Amino acid sequence: MKILKKMKNKLCSLLSTLFKKERNTGTFEMKKVHKDVKRVELLKLELKQVTNAYDKKIEELKATHTSALWKYEQSYQKLRRLFEKQQQGLIEEEKVNKQREEVKPFEKAFNEVNEQLIGIKEHKKESVMNIISEIDQLQDSYTKALAEEIKTKSLEMAKQRLEYLKEVQSLGYDYKKAIDTERLLKETFEKHNFVYKETMVDSLAILTKDVPISIDKLAIAEDTVNEALIGKIPYVN
């Protein structure tokens with residue numbers, strides 16, 4: 001059990017370092033977020049780290065477990081064959097006893113690693129359930145806080161949509177200025193019997209040809225909005 005305790009302490013230390021490093025790098029830095037939303041998201045990150053750390057150790061122990069089991073079985077099978085020969089009177093009991101002693105260290109090694117494997121799985125279960133239980137306890141306040149965030153963001157987006165539409169209108173008005181100005185020039189020149197060559201609108205079009213002002217550039221497709229809402233498009237904070 002001392003081995004299991006040391007192993008658990010080592011894992012906890014590793015997890016603490018990883019968790020602290022992740023928070024310090026700002027990967028999950030969340031500004032102006034409700035404390036329970038932030039706590040649940042951090043717990044989800046911790047759960048992933050805990051699970052990965054335990055799974056890695058379990059895989060290592062499984063390899064050791066398989067090797068120890070194979071050595072134990074080979075040694076035990078040899079003992080069983082010698083015992084059968086001894087029962088048939090083909091060999092002395094001394095040889096059986098000698099092999100029985102040789103089996104013991106393999107049996108001990110297998111039992112130890114088996115105990116470690118069982119123990120680490122229990123510790124994993126305990127750690128995982130502690131985190132999950134805390135998330136479960138926070139689910140009501142977490143959901144309410146998320147709902148408030150969604151409402152706030154939705155209202156802000158509605159305002160931004162109106163502002164965006166105004167900017168689009170402003171673009172159109174800029175083009176309309178050129179059209180109106182050129183019409184004024186044309187009408188005035190012709191009214192006084194002068195010939196006017198219309199070039200202003202064409203020049204403006206050429207000067208703004210690389211500007212993303214077409215509908216496909218300004219509008220966001222419905223499919224794209226749907227994909228964003230259901231999380232198909234990765235979100236970068």
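Tyr-72, Tyr-76 and Phe-110 form one aromatic cluster, where rings of Phe, Tyr and Trp (its six-membered ring) are taken to pair if their centres lie within 6.5 Å. The model is a predicted one, in which local features need pLDDT of at least 70 and side-chain atom pairs count only at pLDDT 80 or more, whereas totals for chains, interfaces and linings use all residues. Residues are numbered from 1 along each chain as its sequence is written, and side-chain values use heavy atoms, with hydrogens and water left out.

The structure holds four aromatic pairs. A pair of aromatic rings is described by the distance of the centres and the angle of the planes. Tyr-72 and Tyr-76 form a tilted pair, with 6.1 Å from centre to centre and 40 degrees between the planes; planes under 30 degrees apart count as stacked, over 60 as edge-to-face and the rest as tilted. Both tyrosines lie in helix H2, four residues apart, about one turn of the helix. Helices (H or I, at least four residues) and strands (E, at least two) are DSSP runs, numbered from the N terminus. Tyr-72 is buried, with a relative accessible area of 18%, whereas Tyr-76 is partly exposed at 39%. In these terms, buried means under 20% relative accessible area, exposed over 50%, and partly exposed in between (1.4 Å probe, protein chains only).

Tyr-72 also forms a stacked pair with Phe-110, at 5.8 Å centre to centre and 5 degrees between the planes. This pair links distant parts of the chain, since Tyr-72 belongs to helix H2 and Phe-110 to helix H3, 38 residues apart. Both Tyr-72 and Phe-110 are buried.

The axes of H2 (residues 35–87) and H3 (residues 93–137) come within 8 Å and cross at roughly 165 degrees, which makes H2 roughly antiparallel to H3. Axes are lines fitted to C-alpha atoms, for helices over the stretch in contact, and angles run from 0 to 180 degrees between N-to-C directions; angles under 35 degrees count as roughly parallel, over 145 as roughly antiparallel, 65 to 115 as roughly perpendicular and the rest as oblique. The residues of the contact of H2 with H3 divide into 26 nonpolar, 10 polar and 16 charged.

The largest nonpolar core has 25 residues, of which Ile-120 and Ile-131 touch the most other members. Such a core is a set of buried Ala, Val, Leu, Ile, Met, Phe, Trp, Tyr and Cys residues joined through side-chain atoms within 4.5 Å. Helices H2, H3 and H4 (139–191) each supply at least two residues of this core, and its largest share, 12 residues, comes from H2.

Overall, the secondary structure of the protein comes to seven helices and zero strands. Of its 237 residues, 21% count as buried. Glu-182, placed in helix H4, is buried, with a relative accessible area of 5%. The C-alpha atoms of Glu-182 and Val-201 are 7.2 Å apart in space, although the two residues are 19 apart in sequence. Asn-193 is found in the loop between H4 and helix H5 (200–207). Asn-193 has a positive phi of about 65 degrees although it is not a glycine, and it counts as exposed at 73% relative accessibility.

Technical notes: Ala, Val, Leu, Ile, Met, Phe, Trp, Tyr, Cys and Pro count as nonpolar, Asp, Glu, Lys and Arg as charged, and the others, Gly among them, as polar.
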